[in-house]
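Two colleagues sit down with a model and go through the words used to describe it. Here is what they are looking at.

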Amino acid sequence: MSLSFDPASVTLPRGHFIAGEWVDARDGIDLHRPSDAVAFAACPVADADLVDRAVGAAKAALALSGWGRLAPRERARALHRWADLIEAEAETLARLEAIASTRPISELMAGDIPVTAEQIRFFAEFADKEGGDLVPTGSDSFGMIATEPYGVVGAITPWNFPVNMAGWKLGPALAAGNAVVLKPSEMTPFATLYLAELSVRAGLPAGLINIVLGDGRTTGTAITGHPDIAKVSFTGSTAAGAAIMENIARTGIKPMTLELGGKSPQLVFADADLPLAAAAIARSVLGNAGQACVAGSRLIVAESVAEELVGLIVDRMRAVRLGATWDAASAYSPIISERQIGRMASIVDAAVARGATCRLGGERLDHAGYFYAPTVLEDIDATSPAVTEEIFGPVLTVQTFREEEEGLGLADHPTYGLCAGLYTRDLSRALRAINSLQAGTIWVNRYGRSRDHILPTGGYKQSGLGKDLGREAYLANRKSKSVLIAL
């Protein structure tokens with residue numbers, strides 16, 4: 001049976017989801033489908049009073065259910081039931097996300113939805129396997145480090161992978177015994193709302209997950225500054241992360257996890273397996289049309305193999321199959337909005353005006369919606385915004401080097417340090433480069449996350465603070481206290 005569907009056939013959730021119930025709201029921000037630019041819905045904006053209501057519901061759910069004090073295995077069982085229901089409702093979730101977002105329905109069904117269920121299960125298993133520590137002290141005392149939930153966690157997720165990002169935030173926070181008030185992006189809220197409804201159907205206490213819709217200026221500010229939210233977790237741009245830090249500093253200090261922007265290098269040495277590298281690099285730039293913080297958008301390649309490698313990448317980029325996100329045959333995403341496609345075009349045009357050569361693309365595609373051609377820029381100035389700024393689109397810049405030290409120098413970005421790709425058959429060179437590259441994640445002879453959720457993700461420099469995924473994400477949702485008992 002085909003996964004293709006008519007977007008008009010899908011009923012969208014309306015309003016906020018608080019204390020296990022739908023809260024009606026007036027229309028607010030107009031939404032347009034990226035695949036055809038058609039206006040199809042509106043996203044309400046929760047004010048400070050509504051955020052306060054959601055926080056109150058979260059506190060009440062914790063108190064009434066004793067979620068944070070349950071036997072850890074009971075929390076794990078509840079989360080596993082939720083993951084089961086996510087898988088059972090995969091097609092509904094995928095349709096809700098495909099309409100509003102840039103994610104093709106086939107990729108949602110094969111990747112995003114099952115991966116989210118896996119993430120929930122992964123973190124569920126930490127509930128009864130991670131605890132405090134006994135620590136060595138003097139013979140006249142007994143020392144331990146105890147951990148406990150924060151209470152109410154505030155979470156804000158981006159528009160590019162809505163369901164996955166919700167799983168990143170909800171999974172570890174809930175497994176660790178917290179309740180959550182989550183704001184999805186105002187552009188892609190619908191699948192996240194349905195995730196919350198499924199949690200109640202799976203038996204999680206109503207009010208443990210509360211979804212408030214709105215923008216960053218009003219709703220996000222109310223969440224991050226709320227005095228009863230004990231910890232904040234955010235994924236999004238570096239500029240937005242800085243605004244969140246400022247608001248937290250102004251309204252009351254609290255811990256935060258910030259997974260922010262990137263401008264990741266793909267460093268290819270002359271001895272690399274070029275077809276393998278070309279495939280990995282092309283996937284990185286084409287996946288979600290480059291709308292990912294981890295996109296490897298800066299190719300830094302040995303001069304002697306640059307022409308061959310770029311040719312292989314261009315061949316792969318030319319073969320993309322674009323189409324609406326609700327078309328099962330589509331394998332290339334639209335850009336999220338008219339504003340974003342305009343920003344991207346201006347950066348590419350400015351690079352060309354400064355002397356860059358557009359080897360491929362460099363233009364908007366003649367197709368309904370917001371589609372931009374896969375683009376490769378060569379002969380580019382290292383100070384060009386196309387090299388220095390996060391474009392968040394299918395744009396690859398190409399720089400060449402002759403010596404290893406020169407290549408490593410080009411790879412080092414003054415602002416970002418989220419990820420890096422490295423391609424070589426020489427193990428000693430790979431280890432030298434790993435030691436040199438300033439990035440929170442380094443992939444060698446591959447690029448992109450796998451389903452190994454044990455590997456944390458997070459950046460250096462202005463790419464963020466703290467980690468998502470892995471044991472680190474679970475521990476980041478529990479606070480510790482030191483205990484010393486006299487004997």
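This is a predicted model: local features need pLDDT of at least 70, side-chain atom pairs count only at pLDDT 80 or more; totals for chains, interfaces and linings use all residues.

Modeller: Residues are numbered from 1 along each chain as its sequence is written, and side-chain values use heavy atoms, with hydrogens and water left out.

Colleague: What makes strand 16 largely enclosed?

Modeller: Buried means under 20% relative accessible area, exposed over 50%, partly exposed in between (1.4 Å probe, protein chains only). Six of the seven residues of strand 16 (395-401) are buried, so the rest of the structure largely encloses it. Strands here (E, at least two residues) and helices (H or I, at least four) are DSSP runs, numbered from the N terminus.

Colleague: How do you know that strand 13 and strand 16 pair?

Modeller: Pairing takes at least two bridges found by DSSP between two strands. Strand 13 (298-302) and strand 16 run parallel and share five bridges, so they pair by that definition. Leu299 sits opposite Val398 there. Strand 15 (375-378) also pairs with strand 16 in the parallel sense, with three bridges.

Colleague: Why are strand 14 and strand 19 called edge strands?

Modeller: The open sheet has seven strands in the order 14-15-16-13-12-18-19, with mixed pairing. Strand 14 (357-360) and strand 19 (441-444) each pair on one side only.

Colleague: And which elements do the buried residues of helix 3 pack against?

Modeller: Contact means heavy atoms within 4.5 Å. The partners include strand 4 (39-43) and helix 2 (72-88). Eight of the eleven residues of helix 3 (90-100) are buried, among them Leu93 and Ile99.
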